[in-house]
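Look at the model below with its sequence beside it. The paragraphs that follow go from single residues to the whole chain.

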Amino acid sequence: MNFAERFPGATILPFDGKVPQIHETAFVAPGARIIGDVTIGPQASIWYNCVLRGDIHRIEVGARSNVQDGSVFHVEGPRPDTDGCPTIIGEDCVIGHMAVVHGATLANKAFVGMGAIAMDGCHVGEGAMLGAGALLSPGKSIPPREIWIGRAAKRFRTMDAAQVEKIRFQAERYCALAERHMAALHGKTET
């Protein structure tokens, strides 16, 4: 099945000979824009009106991660002082609505809240959280299981077990929700 049949209403385009690679179990919602060197893993979901533009470096979204409505992913290309910054999203990550991830890396089970911004060369550690509306300035790293909030983001506290479980729950919920949306797009009804 081609992209237009699999993901009606989404724009999926090659750029400079790089064609997006989207796993057969992934979901891309109508209105999403996937361009160039982008890889989307198994059961990952890219929701309505997201933009993932891999034109000057690569973007990877790991298995079961979700990129929620209106989020924008871009990259930093090579310059004389750097090889550039890809955007790498690990497995089971949750990226809230309207987030911006630009040349940053999220380890497995990381969480980026609604409207948060992660800039070039940032790293969000495993099971860590960048809170809603926060700005993680270039080159900053959030250690595993820490919560950072504010503009500029600073350490708030360590996550407790219930918060770590909530990220896992949200990742699983979005996998199931993506299957339902995909079925609806293809005219299949729930029984």
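Ser 45 lies in strand E5, which covers residues 45–46. Strands (E, at least two residues) and helices (H or I, at least four) are DSSP runs, numbered from the N terminus. This is a predicted model, in which local features need pLDDT of at least 70 and side-chain atom pairs count only at pLDDT 80 or more, while totals for chains, interfaces and linings use all residues. Residues are numbered from 1 along each chain as its sequence is written, and side-chain values use heavy atoms, with hydrogens and water left out.

Ser 45 counts as buried because its relative accessibility is 1%. Buried means under 20% relative accessible area, exposed means over 50%, and partly exposed is in between, using a 1.4 Å probe and protein chains only. The side chain of Ser 45 makes a polar contact of 2.7 Å with the side chain of Trp 47. A polar contact is a pair of N or O atoms within 3.5 Å; within protein, one must be able to donate a hydrogen and the other to accept it, and residues adjacent in sequence count only if both atoms are side-chain atoms. Leaving out residues up to four places away in sequence, Ser 45 touches Phe 27, Ser 65, Asn 66, Val 67, Tyr 174 and Ala 178. Here contact means heavy atoms within 4.5 Å.

Asp 92 sits in the loop between strand E9 (87–89) and strand E10 (94–95). Is Asp 92 buried or exposed? Asp 92 counts as buried, because its relative accessibility is 17%. Its side chain makes a polar contact with the side chain of Arg 64, at 2.7 Å. Arg 64 is also among the residues that Asp 92 touches when those up to four places away in sequence are not counted, and the list includes Ser 65, Lys 109 and Ile 167.

Asp 16 is in the loop between strand E1 (11–13) and strand E2 (21–22). With 67% relative accessibility, Asp 16 counts as exposed. Gly 139 is 123 residues away from Asp 16 along the chain, and their C-alpha atoms are separated by 28 Å.

Now take the whole chain. The protein chain has two helices and 20 strands. Its radius of gyration is 16 Å, close to the 16 Å that the globule rule gives for 191 residues, so the chain is as compact as a globular protein of that length. This radius is taken over C-alpha atoms, and the rule is 2.2 Å times the number of residues to the power 0.38. Buried residues make up 48% of the 191 residues.
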